[in-house]
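This briefing goes through one structure, topic by topic. Look at the sequence and the structure before reading on.

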Amino acid sequence: MDKKVWYVTGASKGLGLALVKQLLKSGYRVAATSRSAEALQTAVGATDHDAFLPLEVNLTDVDSVSASIKQTVDQFGSIDVVVNNAGFGIGGSVEELSEQEVAESFNINVFATIQVIKQALPYMRKQRSGHIINISSIAGFAAATGWSIYAATKFAVMGLSEVLAEDVRELGINVTVVAPGAFRTEFLSQQSLVMSENKIDDYQTIRASHERYLAMDGKQAGDPDKAAGVFIQLAEMPEPPVRFFMGTDAYNRAVQKTKILTDDLEQWKTLSAFTDFNA
Ligand SMILES: NC(=O)c1ccc[n+]([C@@H]2O[C@H](COP(=O)([O-])OP(=O)(O)OC[C@H]3O[C@@H](n4cnc5c(N)ncnc54)[C@H](OP(=O)(O)O)[C@@H]3O)[C@@H](O)[C@H]2O)c1
């Protein structure tokens, strides 16, 4: 049987690039998107063009997304694994961030993910097979001070994925949402990370949190090449997990949050039950 056909968004750097390189090295056929096909091609380097389809895609444009998925199927005959990877961090308090800053973040981190899924599903449904891997973040389960809008986008991806997994299971399609901890990519660099233009002096705790994150740039514990290997493993599993926390930091933060949730549930159990008609 032919190896799976992958479609990866946001592939000119970071996790997406590491994944595309490893896929090509392992003999998969790969369609990859970027805002710049040239940057993508340069980053991937010399490669077999029968196996690699670099696509310049505007992820906020339905027609552009739809055409890129059609091109993938036209070239390779199927679309087996979709990785919604493109995304960026956005820092600032809710009142500091402008409408436009918030909208851009949701446009890429959430609406582009939804659009790619909408365009890929008709092919996957017809195939009665496929795997959608959505990249959320540990911020989509246990978020940190100063990243509320980023957290909102990644919680959205988490919720969307959990239900989508239920919705498409009977069609032979798997869904996995990956929540990475800190990985050594361009994520915390000035080219990727967006900070609110507007800064309000009162938010000192947020500024301190941002400083701590920025100081982590280049020293993150997560290795993007190992992450790429894990994505490939997930896609080859007959029964992949719906949620996967990637990295020891993500695992620890998720465990800590789970404990907080359990404690909260128990503390407020009586009040929770109070609203039942027959309480
Ligand atoms: N690294 C981490 O610590 C970490 C932790 C948790 C979650 N994540 C998530 O992992 C995913 C990959 O991030 P990364 O760490 O690999 O970061 P990265 O090195 O900055 O790469 C991000 C990729 O996303 C695309 N992208 C970024 N901003 C975009 C925009 N405004 N419009 C369209 N595409 C955009 C870029 O695609 P092109 O430039 O090729 O168009 C780029 O290749 C993201 O969804 C991120 O939220 C990362």
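Which residues does Leu53 touch, not counting residues up to four places away in sequence? In this predicted model, Leu53 touches Ala31, Gln71, Thr72 and Gln75.

**Leu53**
- Leu53 is in strand β3, which covers residues 52–56.
- Leu53 has 20 other C-beta atoms within 10 Å, and a residue counts as buried at 20 or more, so Leu53 is buried.
- Leu53 and Gln41 are 12 residues apart along the chain, and their C-alpha atoms are separated by 9.4 Å.

**Helices α4 and α5**
- The axes of helix α4 (residues 99–127) and helix α5 (residues 148–168) come within 9 Å and cross at roughly 15°.
- Angles under 35 degrees count as roughly parallel, so α4 is roughly parallel to α5.
- The crossing of these two helices, α4 and α5, is right-handed.
- On the α4 side, the residues that meet α5 are Val102, Ser105, Phe106, Asn109, Val110, Thr113, Ile114 and Ile117.
- On the α5 side, the residues are Ile149, Tyr150, Thr153, Lys154, Ala156, Val157, Leu160 and Leu164.
- Sorted by class, the contact of α4 with α5 has 11 nonpolar, 4 polar and 1 charged residues.

**The ligand**
- The ligand is surrounded by 26 residues, and the closest are Gly10, Ser12, Gly14, Ser34 and Gly87.
- Helix α1 (residues 14–25) supplies the largest share of this shell, with 3 residues.
- The shell around the ligand has 12 nonpolar, 11 polar and 3 charged residues.

Key: Residues numbered from 1 in each chain as written. Predicted model: local features only at pLDDT ≥ 70, side-chain atom pairs only at ≥ 80, totals over all residues. Near = placed C-beta within 6 Å. Helix = DSSP H or I, 4+ residues; strand = E, 2+ residues; numbered from the N terminus. Nonpolar A, V, L, I, M, F, W, Y, C, P; charged D, E, K, R; others polar. Axes fitted to C-alpha atoms, helices over the stretch in contact; angles between N-to-C directions. Parallel < 35°, antiparallel > 145°, perpendicular 65-115°, else oblique. Left-handed = near helix turned anticlockwise from the far one by under 90°. Contact = placed C-beta atoms within 7 Å. Buried ≥ 20, exposed ≤ 12 C-beta atoms within 10 Å, placed from the backbone.
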